[in-house]
Amino acid sequence: LVFLRHPNEIGGVQWAFSFILTMVSLPAAIKIYEQKVDDSSTAAALAWKLVWSLIPSTLICITIFVLNINKEYWKTFVSTERAKDLNVRRFKSTTDDAVRADAIFGNSRHFWVSIEEEVKIWVQSSWSKWEEEKPDWLDG
């Protein structure tokens, strides 16, 4: 399983929704197939056997995974935080220039346009210090 819960990927709520949708769509697809094909085919029988073994085993694996991760990460499975919100929060919650630079310069302008004035003020007030110190992130 791939966990693309990070706001820069699909996000927690979308990940959880797609996981549930996958579990529901497998039996639904088999039912639709059975309605289209009138005979009781061996393909449908095999598909049901696979579904009834794959869904429980997947749920067991997810349960074991969730029970073994740090509880502080549980919220990431249902987070509604968007990438732009994450980057704004990262910029505002620190005074570390490297973290701020990564939040701003490492992402699309779309992610930080809402705080553009704050970014301009930060850059203008820090530029002379950066020219003296020449931090690694400024050259990248």
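**A chain of helices**

Of the contacts in the chain with a separation of 6 or more, 52% join residues 24 or more positions apart; a contact means heavy atoms within 4.5 Å. The model is predicted, so local features need pLDDT of at least 70 and side-chain atom pairs count only at pLDDT 80 or more, whereas totals for chains, interfaces and linings use all residues. Residues are numbered from 1 along each chain as its sequence is written, and side-chain values use heavy atoms, with hydrogens and water left out.

The chain contains six helices and zero strands, in the order α-α-α-α-α-α from the N terminus. Helices (H or I, at least four residues) and strands (E, at least two) are DSSP runs, numbered from the N terminus. Of the 140 residues in the chain, 26% are buried, that is, under 20% relative accessible area with a 1.4 Å probe, protein chains only.

Two packed helices are described by the angle between their axes and the distance between the axes. Helix 4 (residues 97-105) and helix 5 (residues 116-133) pack at about 130°, with axes 12 Å apart. Helix 4 is therefore oblique to helix 5; angles under 35 degrees count as roughly parallel, over 145 as roughly antiparallel, 65 to 115 as roughly perpendicular and the rest as oblique. Helix 4 contributes Asp97, Arg100, Ala101, Ile104 and Phe105 to the contact, and helix 5 contributes Val119, Trp122, Val123, Ser126, Lys129 and Trp130. These residues comprise seven nonpolar, one polar and three charged; Ala, Val, Leu, Ile, Met, Phe, Trp, Tyr, Cys and Pro count as nonpolar, Asp, Glu, Lys and Arg as charged, and the others, Gly among them, as polar.

Technical notes
Buried means under 20% relative accessible area, exposed over 50%, partly exposed in between (1.4 Å probe, protein chains only). Axes are lines fitted to C-alpha atoms, for helices over the stretch in contact, and angles run from 0 to 180 degrees between N-to-C directions.
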